[in-house]
Amino acid sequence: MSKLILFTSLDSPLLDGGAELFPCGASDALDLQARLGEQVIVAASNSTNAEGYVALGVLNAVGRDDTGSTLARVGDLRLFPEPLMFIEAPPGDESIADLSEQLFDQIIARALGQSEIDDAPAGDDFVVAIYQFTTQLARQQHRRCSFSDVTTNNGVACVIRPLKHGGKLHISNFLYLDPEPGVLFERFAWTVGPRFEIIVDTYATSPNIADTVNHTGLLALHRAVSAWPDREALAWHREQFFARLGAT
């Protein structure tokens, strides 16, 4: 399964934890719409600052600006401790390209000073944690999306309660979701009830997404109770969902 890498001139520093708009090829836009929610490595090429692999983020949106240029929005940016020299020569233009999963893993491990990603400490490093949680949840869920209970190769660990809002850097504070329901979950377009029932705002989602809800109407959970998501984090997410409804 391929991963994403974004090449940019990066004339100004990125903000750790922030979001940024990057130019990309117009021909990439349609394909990238189907990959929203996926992780993407940001690489600085032809840059006035340091060149190399500089950050890990999540592809949140693809659109056009007033001039008609195609832009990709990458959020949840996590800067590497320092730029990593290119393993493969970068292209000459600003674009998003496919990257092999093996090379993606290699870049992440090297950028974080790890020989292998599984050796990384579980401490505060958000980049390592997200990557580890995605891998662990995929294995735990047998690659089945918690929203649809359908097998996926594109699942991502999506935070329930962000750290800046009091969430814990723990696997119980994440759900394994396909990119599209993952993005919608982060936008509070759907949430999870006290009995793990899936609650969808049909006005904020497309009919085809609502139709993919797990046939039981419940979040797809692991058999072991110890592997279930944090109820307090879900309660916080539910509060934000209904607060958003009340504000509309």
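The following legends describe close-up views of one predicted model.

In this predicted model, local features need pLDDT of at least 70 and side-chain atom pairs count only at pLDDT 80 or more, while totals for chains, interfaces and linings use all residues. Residues are numbered from 1 along each chain as its sequence is written, and side-chain values use heavy atoms, with hydrogens and water left out.

**View A. The largest pocket and its lining.**
The largest pocket holds about 790 Å³ of space and is lined by 36 residues, of which D76, R78, V159, P162 and E186 lie nearest its centre. A pocket is an open set of points on a 1 Å grid over the protein atoms alone, where a 1.4 Å probe fits and protein lies on both sides within 12 Å along at least five of seven lines; lining residues have an atom within 4 Å of a point. Grid points are joined across faces, edges and corners, and the volume is the space filled by probe spheres set on the points. Two or more lining residues come from each of β4 (52-64), β5 (70-84), α3 (126-140), β7 (156-159), α4 (179-186) and α6 (231-247). Helices (H or I, at least four residues) and strands (E, at least two) are DSSP runs, numbered from the N terminus. Helix α4 gives the largest share of the lining, five residues. By type, the lining comprises 19 nonpolar, ten polar and seven charged residues; Ala, Val, Leu, Ile, Met, Phe, Trp, Tyr, Cys and Pro count as nonpolar, Asp, Glu, Lys and Arg as charged, and the others, Gly among them, as polar.

**View B. The salt bridge between R35 and D98.**
The closest N and O atoms of this pair are 2.6 Å apart. R35 lies in the loop between α1 (29-33) and β3 (39-44), and D98 in strand β6 (residues 95-99), so the pair ties together parts that are 63 residues apart in sequence. A salt bridge is a side-chain nitrogen of Lys or Arg within 4 Å of a carboxyl oxygen of Asp or Glu. R35 is buried, at 15% relative accessibility; buried means under 20% relative accessible area, exposed over 50%, and partly exposed in between (1.4 Å probe, protein chains only). A network of salt bridges links R35, E38 and D98.

**View C. The salt bridge between D201 and R244.**
Here the N to O distance is 2.7 Å. D201 belongs to the loop between β10 (198-200) and α5, and R244 to helix α6, so parts 43 residues apart in sequence are tied together. D201 is buried at 9% relative accessibility, whereas R244 is partly exposed at 23%.

**View D. The strands β4 and β5.**
These strands run antiparallel and are joined by nine bridges; two strands pair if DSSP finds at least two bridges between them. R64 has T70 in β5 as its bridge partner. The hairpin has five residues between the strands, and its G68 takes a positive phi near 90°.

**View E. The aromatic pairs of the structure.**
The structure holds eight aromatic pairs. One of them, Y53 with F86, is edge-to-face, at 5.1 Å centre to centre and 75° between the planes. Rings of Phe, Tyr and Trp (its six-membered ring) pair if their centres lie within 6.5 Å; planes under 30 degrees apart count as stacked, over 60 as edge-to-face and the rest as tilted. Y53 is buried, with a relative accessible area of 2%, and F86 is partly exposed, with 22%. Ring pairs also link F7, Y53 and F86 into a cluster.
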